[in-house]
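Have the model open and follow along.

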Amino acid sequence: MFRAELIKLKRSSTWLIALILPLLAVTTGTVNLANNTDMLDAGWASFTSQVVLFYGLLFYSMGIGLLATTVWRMEHRGTNWNLLLTTTRQPVRLVLAKIAVIAVPVAFMQAVLVVATLISGVFVLHLDGAIPWQFALVGALAVIAALPLVAIQSLLSMLLRSFAAPVAICLVGCVIGVATVTSIALRPLSYVLPQAINTRALNLGSTAIAESGGLTVPDALPILLTAVALATIFTIASVAALRGIKLR
């Protein structure tokens, strides 16, 4: 089933989304640093922080929302939904296949972000010092941290036939996520809101957001464990929802 979903992925616009958003983040980060070299003078640390600032707050999570609704879009066209509900395959296999196939372009987004950042830093900004390969580690950790959002956006895209509705809900989550990571009063919510988890993971070791934490086991492990736990809960909810729809 995963292979079949991958074949569908080849014919969709998901790869364009996964390419444009990280390149947009790198471009804005490059322009910001180039125009503020007197204030942002910490070299690679300043550059990577600028790149992940808006990417972590908005682009990354919105990209996942767009990818999820695009992956499910074909199922809501024509008679595909009816065929899906009459299939003899177990709902858990379909749910896991959809989550896995959404995670593929998400991982591609992160690869583009890391590679483009390093290329821009070396060849465009001519930054001194060693290339921060730990930035690649942050990019990989952010893929795991994205699993809760992947799972819940997959659930929303399954239940809602509208292409825009799941994306709009994701945007609302991003707005709330910004508030949770910037407000001391709301900060506890950043540990359970999928969009905020993305922001926290991408800003590990960054100077863009206060108290974002360092790239250390004590700071990274709680984020990853929470992400896996929430992804499991949302996956179980998706399986239950699909089974309930089939029984109608």
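How are helix 5 and helix 6 oriented to each other, roughly parallel or roughly antiparallel? They are roughly antiparallel, a label that goes to angles over 145 degrees, with under 35 degrees called roughly parallel, 65 to 115 roughly perpendicular and the rest oblique.

## Before you dig in

This is a predicted model, where local features need pLDDT of at least 70, side-chain atom pairs count only at pLDDT 80 or more, and totals for chains, interfaces and linings use all residues. Residues are numbered from 1 along each chain as its sequence is written, and side-chain values use heavy atoms, with hydrogens and water left out.

## Helix 5 against helix 6

Helix 5 covers residues 91–124 and helix 6 covers 134–145; they pack at about 165°, with axes 9 Å apart. Helices here are DSSP runs (H or I, at least four residues), numbered from the N terminus. Axes are lines fitted to C-alpha atoms over the stretch in contact, and angles run from 0 to 180 degrees between N-to-C directions.

On the helix 5 side, the contact (heavy atoms within 4.5 Å) uses Ala107, Gln110, Leu113, Val114 and Thr117, and helix 6 brings Phe135, Ala136, Gly139, Ala142 and Val143. Sorted by class, that makes 7 nonpolar, 3 polar and no charged residues. Ala, Val, Leu, Ile, Met, Phe, Trp, Tyr, Cys and Pro count as nonpolar, Asp, Glu, Lys and Arg as charged, and the others, Gly among them, as polar.

## Helix 7 against helix 9

Helix 7 (residues 147–159) packs on helix 9 (residues 194–202) at about 155°, with the axes 8 Å apart. The two are therefore roughly antiparallel as well. Pro148, Leu149 and Ile152 of helix 7 meet Pro194, Gln195 and Asn198 of helix 9. That contact splits into 4 nonpolar, 2 polar and no charged residues.

## The nonpolar core

The largest nonpolar core holds 59 residues, and Tyr55, Tyr60, Ile102 and Val106 have the most contacts inside it. A core here is a set of buried Ala, Val, Leu, Ile, Met, Phe, Trp, Tyr and Cys residues joined through side-chain atoms within 4.5 Å. Helix 3 (44–73) is among the helices that each supply at least two core residues, and its 13 residues are the largest share.

Setting aside neighbours within four places in sequence, Val106 is in contact with Tyr60, Ile64, Leu67, Ala146 and Val150. There's also a second, separate core of 6 residues, including Leu53 and Ile209.

## A look at Thr70

Thr70 is found in helix 3. At 11% relative accessibility, Thr70 counts as buried; the cut-off is under 20% relative accessible area, with exposed over 50% and partly exposed in between (1.4 Å probe, protein chains only). Not counting residues up to four places away in sequence, Thr70 touches Ser12, Ser13, Thr14, Ile17 and Phe163.
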